Amino acid sequence: AAAARPRYATRSRDRRDATGGWAAPEPRPPPGHTSMSSGPAESGEYSSPWSGDDRGTGGGSSSGAGSKGRRGVPQVQRRRERNQREQKRSNEISSQIDGLRRVLTDAGVAVKASKSAILVGTAQYIQQLQRKHEELEAERRRMLSEMCVLLQQAPRVSDPPPEPEP
(Lines give C-alpha, C1' and ligand atoms only; values in the text may rest on other atoms or scores of the structure.)
Protein backbone atom coordinates (compact mmCIF):
# COMPACT_ATOMS: atom_id res chain seq x y z
CA ALA A 1 0.00 0.00 0.00
CA ALA A 2 2.91 2.35 0.73
CA ALA A 3 4.31 1.85 -2.76
CA ALA A 4 1.04 3.06 -4.30
CA ARG A 5 1.22 6.43 -2.55
CA PRO A 6 2.62 9.35 -4.53
CA ARG A 7 6.11 10.46 -3.67
CA TYR A 8 5.22 14.15 -3.51
CA ALA A 9 1.90 15.28 -2.17
CA THR A 10 -0.21 18.41 -2.19
CA ARG A 11 -0.29 20.91 0.63
CA SER A 12 -4.03 21.06 0.82
CA ARG A 13 -5.10 19.65 4.20
CA ASP A 14 -8.50 18.54 2.96
CA ARG A 15 -6.99 16.23 0.31
CA ARG A 16 -6.39 13.13 2.41
CA ASP A 17 -6.91 9.68 0.98
CA ALA A 18 -8.88 6.92 2.65
CA THR A 19 -5.89 5.74 4.72
CA GLY A 20 -5.30 9.22 6.16
CA GLY A 21 -2.29 9.88 3.96
CA TRP A 22 -1.94 12.56 1.37
CA ALA A 23 -3.88 12.15 -1.82
CA ALA A 24 -2.21 12.30 -5.22
CA PRO A 25 -2.38 15.72 -6.87
CA GLU A 26 -4.98 16.22 -9.54
CA PRO A 27 -3.69 15.80 -13.10
CA ARG A 28 -2.48 19.00 -14.71
CA PRO A 29 -3.44 20.11 -18.19
CA PRO A 30 -0.71 19.81 -20.81
CA PRO A 31 1.68 22.79 -21.18
CA GLY A 32 0.17 25.57 -23.23
CA HIS A 33 -3.41 24.59 -22.31
CA THR A 34 -5.37 27.38 -20.66
CA SER A 35 -8.28 26.85 -18.36
CA MET A 36 -10.72 29.17 -16.64
CA SER A 37 -10.32 27.35 -13.31
CA SER A 38 -7.72 28.37 -10.83
CA GLY A 39 -4.30 26.76 -11.19
CA PRO A 40 -2.14 25.05 -8.60
CA ALA A 41 -0.79 28.35 -7.29
CA GLU A 42 -4.26 29.60 -6.41
CA SER A 43 -5.51 26.30 -5.00
CA GLY A 44 -2.55 25.85 -2.65
CA GLU A 45 -1.22 22.72 -4.31
CA TYR A 46 2.47 22.03 -4.10
CA SER A 47 4.38 21.50 -7.33
CA SER A 48 7.61 19.61 -6.86
CA PRO A 49 10.50 20.26 -9.26
CA TRP A 50 10.68 16.47 -9.67
CA SER A 51 7.01 15.99 -10.49
CA GLY A 52 7.43 16.13 -14.27
CA ASP A 53 6.02 19.65 -14.59
CA ASP A 54 7.71 21.34 -17.56
CA ARG A 55 6.93 24.83 -16.32
CA GLY A 56 9.68 24.93 -13.71
CA THR A 57 13.39 25.29 -14.17
CA GLY A 58 14.29 22.08 -12.48
CA GLY A 59 13.57 18.45 -12.70
CA GLY A 60 12.78 15.98 -15.30
CA SER A 61 9.74 14.00 -16.05
CA SER A 62 9.05 10.35 -15.86
CA SER A 63 9.50 10.14 -19.63
CA GLY A 64 13.29 10.26 -19.32
CA ALA A 65 16.21 12.66 -19.36
CA GLY A 66 15.72 13.59 -22.99
CA SER A 67 12.40 15.35 -22.43
CA LYS A 68 12.11 18.91 -23.60
CA GLY A 69 11.59 21.72 -21.14
CA ARG A 70 11.85 25.43 -21.63
CA ARG A 71 12.31 26.72 -25.17
CA GLY A 72 12.18 23.22 -26.61
CA VAL A 73 15.80 22.42 -25.67
CA PRO A 74 16.32 18.96 -24.17
CA GLN A 75 17.20 19.01 -20.49
CA VAL A 76 20.32 16.92 -21.03
CA GLN A 77 21.62 19.47 -23.54
CA ARG A 78 20.81 22.39 -21.20
CA ARG A 79 22.59 20.64 -18.34
CA ARG A 80 25.60 19.89 -20.55
CA GLU A 81 25.78 23.54 -21.69
CA ARG A 82 25.45 24.77 -18.09
CA ASN A 83 28.23 22.39 -17.00
CA GLN A 84 30.45 23.59 -19.85
CA ARG A 85 29.89 27.24 -18.88
CA GLU A 86 30.71 26.45 -15.26
CA GLN A 87 33.83 24.52 -16.29
CA LYS A 88 34.98 27.44 -18.47
CA ARG A 89 34.41 29.91 -15.62
CA SER A 90 36.29 27.65 -13.20
CA ASN A 91 39.21 27.29 -15.62
CA GLU A 92 39.40 31.06 -16.11
CA ILE A 93 39.51 31.62 -12.34
CA SER A 94 42.22 28.97 -11.95
CA SER A 95 44.23 30.57 -14.74
CA GLN A 96 44.03 34.00 -13.11
CA ILE A 97 45.04 32.58 -9.73
CA ASP A 98 48.02 30.87 -11.39
CA GLY A 99 48.96 34.27 -12.84
CA LEU A 100 48.81 35.80 -9.36
CA ARG A 101 51.03 33.00 -8.03
CA ARG A 102 53.63 33.72 -10.76
CA VAL A 103 53.57 37.47 -9.98
CA LEU A 104 54.08 36.77 -6.27
CA THR A 105 56.86 34.28 -6.95
CA ASP A 106 58.62 36.75 -9.28
CA ALA A 107 58.33 39.41 -6.57
CA GLY A 108 60.02 37.10 -4.08
CA VAL A 109 56.90 36.36 -2.03
CA ALA A 110 56.70 32.74 -0.92
CA VAL A 111 53.16 31.36 -1.11
CA LYS A 112 51.65 27.92 -0.80
CA ALA A 113 50.00 26.32 -3.81
CA SER A 114 46.41 26.51 -2.55
CA LYS A 115 44.10 29.07 -4.12
CA SER A 116 43.23 30.46 -0.72
CA ALA A 117 46.89 30.95 0.22
CA ILE A 118 47.56 32.66 -3.11
CA LEU A 119 44.67 35.09 -2.59
CA VAL A 120 45.76 35.84 1.00
CA GLY A 121 49.37 36.32 -0.15
CA THR A 122 48.21 38.64 -2.93
CA ALA A 123 46.20 40.76 -0.51
CA GLN A 124 49.16 40.99 1.89
CA TYR A 125 51.52 41.90 -0.97
CA ILE A 126 49.17 44.66 -2.14
CA GLN A 127 49.04 46.05 1.41
CA GLN A 128 52.84 45.93 1.61
CA LEU A 129 53.10 47.80 -1.72
CA GLN A 130 50.62 50.41 -0.49
CA ARG A 131 52.67 51.02 2.67
CA LYS A 132 55.87 51.27 0.60
CA HIS A 133 54.15 53.73 -1.76
CA GLU A 134 53.11 55.91 1.20
CA GLU A 135 56.68 55.87 2.56
CA LEU A 136 58.17 56.79 -0.81
CA GLU A 137 55.60 59.54 -1.34
CA ALA A 138 56.45 61.03 2.08
CA GLU A 139 60.17 60.91 1.22
CA ARG A 140 59.51 62.56 -2.16
CA ARG A 141 57.62 65.41 -0.49
CA ARG A 142 60.43 65.87 2.07
CA MET A 143 63.07 66.00 -0.69
CA LEU A 144 61.04 68.53 -2.72
CA SER A 145 60.73 70.71 0.36
CA GLU A 146 64.49 70.57 0.95
CA MET A 147 65.15 71.37 -2.69
CA CYS A 148 62.92 74.45 -2.50
CA VAL A 149 64.79 75.72 0.56
CA LEU A 150 68.18 75.18 -1.13
CA LEU A 151 67.02 76.94 -4.30
CA GLN A 152 65.90 79.96 -2.32
CA GLN A 153 69.28 80.19 -0.59
CA ALA A 154 71.43 79.74 -3.70
CA PRO A 155 72.57 82.78 -5.73
CA ARG A 156 70.67 83.29 -8.92
CA VAL A 157 72.54 82.39 -12.06
CA SER A 158 70.44 84.68 -14.25
CA ASP A 159 71.66 87.82 -12.43
CA PRO A 160 74.79 89.23 -14.12
CA PRO A 161 77.83 89.35 -11.84
CA PRO A 162 78.71 92.84 -10.60
CA GLU A 163 81.38 94.53 -12.67
CA PRO A 164 84.67 95.25 -10.85
CA GLU A 165 85.47 98.88 -10.25
CA PRO A 166 88.62 100.31 -11.96
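Which residue forms a salt bridge with Arg89? Keep in mind as you look that this is a predicted model. The partner is Glu86, and the closest N and O atoms of the pair are 2.7 Å apart. Both residues sit in helix H2, three residues apart, which is about one turn of the helix. Arg89 is partly exposed at 41% relative accessibility, and Glu86 is partly exposed too, at 40%.

Stay with helix H2, which covers residues 75-106, and you will find Arg79 there. Together with Arg80, Arg82 and Arg85, Arg79 forms a positive surface patch. Arg79 has a relative accessible area of 37%, so it counts as partly exposed.

Now move on to helix H3, residues 115-153. Here Glu137 and Arg140 meet in a salt bridge, at 2.7 Å from N to O. They are separated by about one helical turn because they are three residues apart in helix H3. Glu137 is partly exposed at 22% relative accessibility, while Arg140 is partly exposed at 43%. Arg141 joins these two in a network of salt bridges.

In total, the model has four salt bridges.

Leu144 is partly exposed, its relative accessible area being 37%.

Note on methods
Residues numbered from 1 in each chain as written. Predicted model: local features only at pLDDT ≥ 70, side-chain atom pairs only at ≥ 80, totals over all residues. Heavy atoms only, no water. Patch = residues over 30% accessible without salt bridge, like charges linked within 9 Å, V, L, I, M, F, W, Y side chains within 5 Å. Areas by Shrake-Rupley, 256 points an atom, 1.4 Å probe, with all protein chains shown as cover. Salt bridge = Lys/Arg side-chain N within 4 Å of Asp/Glu carboxyl O. Lys, Arg positive; Asp, Glu negative; His and termini not counted. Charge placed at Lys NZ, Arg CZ, Asp CG, Glu CD. Helix = DSSP H or I, 4+ residues; strand = E, 2+ residues; numbered from the N terminus. Buried < 20%, exposed > 50% of the residue type's maximum accessible area, 1.4 Å probe, protein only.
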